[in-house]
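Hi,

Here is the structure I said I would pass on.

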Amino acid sequence: MKKLIAALALAGCSAAFAQGYPSKPITFVIPFAAGGDSDLSGRNVAAHASKYLNNQPIVSVNRTGASGAIGAMAVKNAAPDGYTLLVARIATHAILPALDSKLQYKWNEFTMLSLIELNPYVCFVKSDSPYANARDLVEAIRRSPGKLNFSTAGPGTSQNMAAQYFMTLAGLTKDHAVGIHYKGGGEVTSAVLGGQVQFACNNAPTVIGQVKAGALRPLFVTPTRLAELPEAPSAAETGFPDMNKIVGWTALMGPPGLPREVVDRWTEVFAKLPQDPDWQKGNARIGGIAAIRSPAESEKFMREQYELYNGLITTLGIRQ
């Protein structure tokens with residue numbers, strides 16, 4: 001009888017917690033600077049999710065530094081009460097955990113809530129390039145090892161990983177083309193425009209305008225054809241279907257040990273957002289492809305992403 005009473009009391013507390021959560025503002029920790037993909041995506045969710053969460057405000061706070069690790073650690077060490085959540089990115093939960101052997105957290109040491117959206121990638125050359133398509137570029141690299149260059153935002157960035165993975169899928173080695181590292185995604189695109197390098201892969205929003213202006217030629221896009229670039233083939237159409245694994249993405253997660261009631265409440269919220277026209281419009285404005293998934297599906301996706309980059313980083317020999 002005592003066990004039954006205790007179970008009923010626990011169930012009552014859980015129900016009350018679920019009904020009452022949230023009872024105060026929620027903080028979204030964004031581990032990168034304002035204006036980036038994680039910032040835009042997180043703020044878009046914050047702007048429209050609060051109406052489904054007792055109209056409690058969701059405050060977005062940028063905690064930058066160490067390639068996203070500072071913000072990630074702030075959430076990992078936060079109280080597991082659902083009031084401090086992380087707007088995670090591919091860098092914080094796929095590339096960095098694979099790259100940095102001294103990182104103070106593992107990709108799966110968080111409570112997954114949902115994948116939010118995917119960010120398309122484009123591999124491209126300058127519009128007057130002699131390489132009309134991906135196969136032309138591959139053959140040119142193969143004929144002249146070490147002659148062609150590509151731009152990246154650094155060894156451990158998605159821009160570098162994308163170009164390296166493309167060469168791996170084409171049967172080329174890491175030394176067939178030379179990566180030139182720049183300070184950010186904007187400079188990656190500018191280097192192709194200026195002729196300093198021959199090709200690059202980058203987030204679609206940083207490339208689309210220049211393609212439309214006729215300055216850049218897309219070789220392919222991931223994960224599917226884009227309405228903004230109707231003439232650009234998908235990676236699969238060009239014979240590189242595995243390049244579809246190279247996408248940017250944003251997810252929401254909490255500290256380890258987040259209560260089941262909080263997870264369930266956010267699952268309800270994420271079930272409503274795809275039908276919310278305001279969230280849809282905001283997502284479209286930032287170039288995101290809606291990709292909301294269950295916590296289990298989100299964890300599976302992130303595991304696959306971590307394993308992809310862990311294998312690639314091992315092959316390239318760049319683990320720190």
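**Aromatic pairs**

Ring pairs join Phe28, Trp266 and Phe270 into a cluster. Bear in mind that this is a predicted model. Searching the whole structure turns up 10 aromatic pairs. In one of them, Tyr21 and Tyr83 have ring centres 5.3 Å apart and planes at 65 degrees, so the pair is edge-to-face. Tyr21 sits in the loop between α1 (2-20) and β1, and Tyr83 in the loop between α3 (69-76) and β3, so this pair ties together parts 62 residues apart in sequence. Tyr21 is buried at 1% relative accessible area, and Tyr83 is buried too, at 11%. Tyr83 also has Lys24 over its face, 4.7 Å from the ring centre.

Tyr105 and Phe110 make another edge-to-face pair, 5.6 Å centre to centre with 90 degrees between the planes. Tyr105 is buried at 3% and Phe110 at 7%.

**The sheet**

There is an open sheet of 6 strands with mixed pairing, in the order β2-β1-β3-β10-β4-β11. β2 (58-62) and β11 (289-290) are the edge strands. Helix α2 (residues 37-49) packs on the sheet and touches β1, β2, β3, β4 (111-119) and β10 (248-254); the direction of α2 makes about 165 degrees with that of β2. Within the sheet, β1 (residues 26-30) and β3 (residues 84-89) pair in parallel over 3 bridges, and Val29 stands opposite Leu86 in β3.

Gly146 is in the loop between α5 (134-143) and β6 (149-152) and is partly exposed at 35%. Leaving out residues up to four places away in sequence, Gly146 touches Asp175, His176 and Val178. Gly146 and Val178 are 32 residues apart in sequence but 6.0 Å apart in space, C-alpha to C-alpha.

Cheers

Conventions
Residues are numbered from 1 along each chain as its sequence is written. This is a predicted model: local features need pLDDT of at least 70, side-chain atom pairs count only at pLDDT 80 or more; totals for chains, interfaces and linings use all residues. Side-chain values use heavy atoms; hydrogens and water are left out. Helices (H or I, at least four residues) and strands (E, at least two) are DSSP runs, numbered from the N terminus. Buried means under 20% relative accessible area, exposed over 50%, partly exposed in between (1.4 Å probe, protein chains only). Contact means heavy atoms within 4.5 Å. Two strands pair if DSSP finds at least two bridges between them. Axes are lines fitted to C-alpha atoms, for helices over the stretch in contact, and angles run from 0 to 180 degrees between N-to-C directions. Rings of Phe, Tyr and Trp (its six-membered ring) pair if their centres lie within 6.5 Å; planes under 30 degrees apart count as stacked, over 60 as edge-to-face and the rest as tilted. A charge sits over a ring if NZ of Lys or CZ of Arg is within 6 Å of the ring centre and within 35 degrees of the ring normal.
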